[in-house]
Amino acid sequence: MEETIICHGCGARIQTTDPDIVGYAPESALKRSEILCKRCFRLKHYNELMDVSMSDDDYLKMIHQIHQKTGLIVHVVDLFDLNGSLLPSLKRIAGDNPVLIVANKIDLLPKSTNQRKLKQWIRSTVKELGIHVKDVCLLSASKEIGFEELKKKMETYRKNDDVYVIGTTNVGKSTLINQLMKQTTGDKDVITTSYFPGTTIGFIEIPLDGKHVLVDTPGIVNRQQITHYLSREDLKQITPKKEVKPRIYQITEGQTLFFGGLARIDIIKGEQVSLVCYLSNDIPIHRTKTKNADDLYKRHNGNLLSPPDTRSQNILPEWKEHTFKITEENVDVVFAGLGWICIPDGYVTIRTHYPDTLSESIRRSII
Ligand code: GDP
């Protein structure tokens with residue numbers, strides 16, 4: 001039987017095959033007397049947390065583990081991909097524990113965004129999952145905005161208990177925790193070795209005070225996220241890096257907008273409406289007549305209509321179509337992972353085209 005080696009830091013079972021998954025260590029690390037996974041090694045020697053993800057099995061174990069503990073659950077979500085980053089299993093994970101939602105990447109939304117309304121919107125969306133959240137913090141982990149409020153709220157709601165930070169991969173969880181560590185512990189050695197005995201799921205504990213810890217949990221992979229279907233270059237292009245400038249198009253029945261070659265909206269019934277597009281400023285938008293759209297796509301996907309580049313084209317699922325009859329004002333059409341299109345006037349019927357397995361949906365306008 002193969003020997004099981006356990007990481008001295010987080011207790012994860014050491015594996016040497018997948019650097020992105022919990023417990024990874026290079027072969028050379030196995031010769032050391034104290035064996036640490038790469039994540040714990042980096043934390044210990046560079047005071048820097050890196051994100052790893054976990055397998056589906058470990059995910060179920062994690063739900064079970066946290067469910068049995070008491071403490072504050074901090075769920076980090078990505079404001080630019082709320083659909084993809086809000087955990088449907090939040091209720092199961094949290095149990096009776098209080099939940100604080102931290103909505104990250106506020107720096108990407110227009111400065112004019114009404115933050116009070118945005119918080120309210122998030123609160124009611126989470127309520128639809130059956131969860132009453134204690135509070136919502138808006139944050140930018142990378143631009144260091146909102147940390148005072150976050151720290152204050154964490155102290156209030158954790159009520160002298162531990163804090164569990166959970167989230168899907170890529171929401172900025174490690175950027176956030178690195179920032180918190182920098183602000184609270186300075187250069188001190190932050191890793192604790194008292195891992196959760198008997199777990200193999202790689203929780204890392206970071207001391208909050210003498211008695212309590214902030215627990216970093218591995219990122220949860222959402223296979224419906226667009227990140228899994230794009231080349232590195234395309235991913236860079238579609239990920240907004242700074243405040244998104246809404247781009248407005250007047251469009252009417254029989255017209256189509258292409259968002260690169262990744263998504264498309266046709267107006268199939270209705271008067272002229274404005275489409276306010278919230279996407280990375282680097283995604284080109286192209287308007288055409290619907291009757292010419294299929295042909296244009298066939299000829300120009302990957303060049304005039306790009307991204308996707310050739311590598312992404314090979315992994316992206318085929319488009320599927322969806323028809324939405326919009327019967328109110330101020331609706332967003334969300335292309336999960338890419339961004340959203342607000343239709344302030346409402347009252348049109350549209351057809352969306354988006355890769356199968358990725359989700360498109362409509363919601364009350366977020367901004
Ligand atoms: P994790 O997988 O949840 O740990 O996410 P990371 O901390 O590795 O961040 C994922 C990506 O989001 C990286 O490219 C970060 O630079 C970026 N990111 C993290 N926080 C922010 C933020 O507040 N604003 C913006 N615009 N990007 C962020």
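1. Across the interface of domain 1 and domain 2 in this predicted model, the rule finds one salt bridge. The partners I would look at are Lys111 and Glu243, whose side chains meet in a salt bridge with a distance of 2.7 Å from N to O.

2. On the side of domain 1 that touches domain 2, the residues divide into six nonpolar, three polar and four charged.

3. As for the domains themselves, the domain assignment of the protein chain places domain 1 at residues 49-216 and domain 2 at residues 227-364, and the C-alpha centres of the two domains lie 31 Å apart. To the contact between them, domain 1 gives 13 residues and domain 2 gives 18 residues.

4. The area buried between domain 1 and domain 2 comes to about 1,300 Å², of which 55% is on carbon and sulfur atoms. Within domain 1, the residues that lose the most area to domain 2 are Phe80, Leu108 and Trp121, and these together make up 45% of what that side buries.

5. Turning to the ligand, there are 16 residues around it, and those that come nearest are Asp51, Asp107, Asn170, Ser174 and Thr175. For Asp51, a polar side-chain atom lies 2.7 Å from an oxygen atom of the ligand, while for Asn170 a polar backbone atom is 2.7 Å from a ligand oxygen atom.

Methods. Residues numbered from 1 in each chain as written. Predicted model: local features only at pLDDT ≥ 70, side-chain atom pairs only at ≥ 80, totals over all residues. Heavy atoms only, no water. Domains from an automatic or database assignment. Contact = heavy atoms within 4.5 Å. Buried area = accessible area lost by both parts, 1.4 Å probe. Salt bridge = Lys/Arg side-chain N within 4 Å of Asp/Glu carboxyl O. Nonpolar A, V, L, I, M, F, W, Y, C, P; charged D, E, K, R; others polar. Near = heavy atom within 4 Å. Polar contact = N/O pair within 3.5 Å; in protein donor to acceptor, adjacent residues only side chain to side chain.
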